[in-house]
Amino acid sequence: MTKKSYKKGQDGSSVLALFVFLAATLTTVAAPRAQAAADRHGLGFDIGQVLLMGDFSKDFSDSLGWGFTYSYEASDMFGLLAHFSYSGHSNNDASNSLTVKGFSPDLRVNLAYFDKLVLYANGGFGIFRINETISRVEGDAWTLGLNLGTGFLLELNPHFAFGANLGFHNIFSKTDPKTVTATNPGGFSIGGTYLGMFLNLFYLF
């Protein structure tokens, strides 16, 4: 079995620091408050770019991703964002492939309102299904991940909203027992980090 190459990947710590700084900055903005519609639901479609970092960036290339989001406004400050996400990746000669499927129920915190525009942050833990193929050898795992994000939503009318979201995802590493052999006793350590930049379109009801 061919071992993974261990060239240096991107470090997610700088991105995490950026999220902390951005959230702290937004909470200090003196913005006019607006009353959100409590008990309102939303169904959204998401599409954008998935930028691989950490271990994922060693063997795979960035790609488009897509998904669906359910939102629930519990109050003018707090709500729920549940993301269903998918992205597929490969390398230049398609000998390596990666599929990331995730479900992330996150807490949403509305930071500031400007008329019909809301700035928010979200965070929580999700469950991910990761399928990897390295040099034609396959591995897969179910694992947990940490999610942190920020974004905005503009309410176009009472039933539609448009926005964008920047999300940082740290998927915890897990070894697939099927990939442990005499020549590769460590097996595949499946996990990594990625940054998702998505456009969102919501139907509100």
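This is a predicted model: local features need pLDDT of at least 70, side-chain atom pairs count only at pLDDT 80 or more; totals for chains, interfaces and linings use all residues.
Residues are numbered from 1 along each chain as its sequence is written, and side-chain values use heavy atoms, with hydrogens and water left out.

That bridge belongs to the pairing of β2 and β3, which is antiparallel and runs over 9 bridges. Two strands count as paired if DSSP finds at least two bridges between them. β2 and β3 form a hairpin, with 4 residues between them. On the other pairing of β2, residues 63–73, strand β1 is antiparallel to β2 over 11 bridges. There, G42 stands opposite S71 in β2.

Now the whole chain. The protein chain has 2 helices and 8 strands, in the order α-β-α-β-β-β-β-β-β-β from the N terminus. Helices (H or I, at least four residues) and strands (E, at least two) are DSSP runs, numbered from the N terminus. Of its 205 residues, 44% are buried. Buried means under 20% relative accessible area, exposed over 50%, and partly exposed in between, with a 1.4 Å probe and protein chains only. The accessible surface comes to about 10300 Å², and carbon and sulfur atoms account for 66% of that. The areas come from the Shrake-Rupley method with a 1.4 Å probe; for residues, only the protein chains shown count as cover. Among contacts between residues at least 6 apart in sequence, 64% join residues at least 24 apart; a contact means heavy atoms within 4.5 Å.

Which residues have the most contacts inside the largest nonpolar core? They are L52, F56, L98, V100, I130, I171 and Y194, in a core of 15 residues. A nonpolar core is a set of buried Ala, Val, Leu, Ile, Met, Phe, Trp, Tyr and Cys residues joined through side-chain atoms within 4.5 Å. Two or more residues each come from β1 (40–53), β4, β5 and β8 (188–204), and β8 gives the largest share, 4 residues. Leaving aside residues up to four places away in sequence, F56 touches L98, I130, E132, I171, G191, G192, T193 and Y194. A second, separate core has 8 residues, including L81, V118, Y120 and A161.

Y120 also takes part in a charge contact: the charged end of R108 sits over its ring, 4.7 Å from the centre. The criterion is NZ of Lys or CZ of Arg within 6 Å of the ring centre and within 35 degrees of the ring normal.

On to the rings. There are 6 aromatic pairs. Rings of Phe, Tyr and Trp (its six-membered ring) pair if their centres lie within 6.5 Å; planes under 30 degrees apart are stacked, over 60 edge-to-face, and the rest tilted. W66 and F68 are edge-to-face, at 5.8 Å centre to centre and 85 degrees between the planes. W66 is partly exposed at 40%, and F68 likewise partly exposed at 44%. F84 and F103 have centres 4.8 Å apart and planes at 35 degrees, so that pair is tilted. It links β3 to β4, with the two residues 19 apart. Ring pairs also link F45, W66, F68 and Y86 into a cluster.

A94 is in the loop between β3 (78–90) and β4 (97–114). S135 is in the loop between β5 (117–134) and β6 (137–157), and counts as partly exposed because its relative accessibility is 32%.
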